[in-house]
Amino acid sequence: YSEGWKAVVDGEEVPIKRANTAFMALELGAGSHDIKLTYMTPGLLQGIALSAAGLVAFAGVAALCETRRRRNKTTAKALAEPSTEKGSPRNA
């Protein structure tokens, strides 16, 4: 038995009961029934959402770092080149 199971009997969702500690049980009336059991890992959707948010945050930080790196590279290159302006302190 674990959380995350859902049972549908004859088109209607019914509660799943714990049986003998480790098993699942359904209360059914006499006769034949169409039973569908489905399982969804508890917390799966929240985990997917958090993973996606982390990926977006990582991409944003990476883009910011790349933008700053390019800006610093351009600034460093401009400072390293001799100035062609007259009266510039670097030309004196």
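Biologist: How many salt bridges does the count come to by the rule?

Modeller: The count comes to 3 salt bridges, where a salt bridge is a side-chain nitrogen of Lys or Arg within 4 Å of a carboxyl oxygen of Asp or Glu. This is a predicted model, in which local features need pLDDT of at least 70 and side-chain atom pairs count only at pLDDT 80 or more, while totals for chains, interfaces and linings use all residues. Residues are numbered from 1 along each chain as its sequence is written, and side-chain values use heavy atoms, with hydrogens and water left out.

Biologist: What makes the pair Lys17 and Glu27 a salt bridge?

Modeller: The N to O distance between the side chains of Lys17 and Glu27 is 2.3 Å, and the rule asks for a nitrogen within 4 Å of a carboxyl oxygen, so the pair qualifies. Strands here are DSSP runs of E with at least two residues, helices are runs of H or I with at least four, and both are numbered from the N terminus.

Biologist: Why is Glu27 called exposed?

Modeller: Glu27 has 60% relative accessibility and therefore counts as exposed, given that buried means under 20% relative accessible area, exposed over 50%, and partly exposed in between (1.4 Å probe, protein chains only). Lys17, with 38%, is partly exposed.

Biologist: What links Glu66, Arg69 and Arg70?

Modeller: These residues are linked in a network of salt bridges: Arg69 meets Glu66 at 2.6 Å, N to O, and Glu66 meets Arg70 at 3.0 Å. Arg69 and Glu66 are 3 residues apart in helix α1 (residues 44-80), and are therefore separated by about one helical turn, while Glu66 and Arg70 are 4 residues apart in helix α1, also about one turn. Arg70, at 53% relative accessibility, counts as exposed, whereas Glu66, at 29%, counts as partly exposed.

Biologist: Which residues make the nonpolar surface patch?

Modeller: Trp5, Leu28, Ile35, Leu37 and Tyr39 make this patch of about 440 Å², and strand β5 (residues 35-39) supplies the largest share, 3 residues. Patch residues have over 30% relative accessible area and no salt bridge, with nonpolar side chains (Val, Leu, Ile, Met, Phe, Trp, Tyr) joined within 5 Å and like charges within 9 Å. Leu28, in the loop between β4 (23-25) and β5, is partly exposed at 40% relative accessibility, so Leu28 passes the area cut-off of over 30%.

Technical notes: Accessible areas come from the Shrake-Rupley method with a 1.4 Å probe; for residues, only the protein chains shown count as cover.
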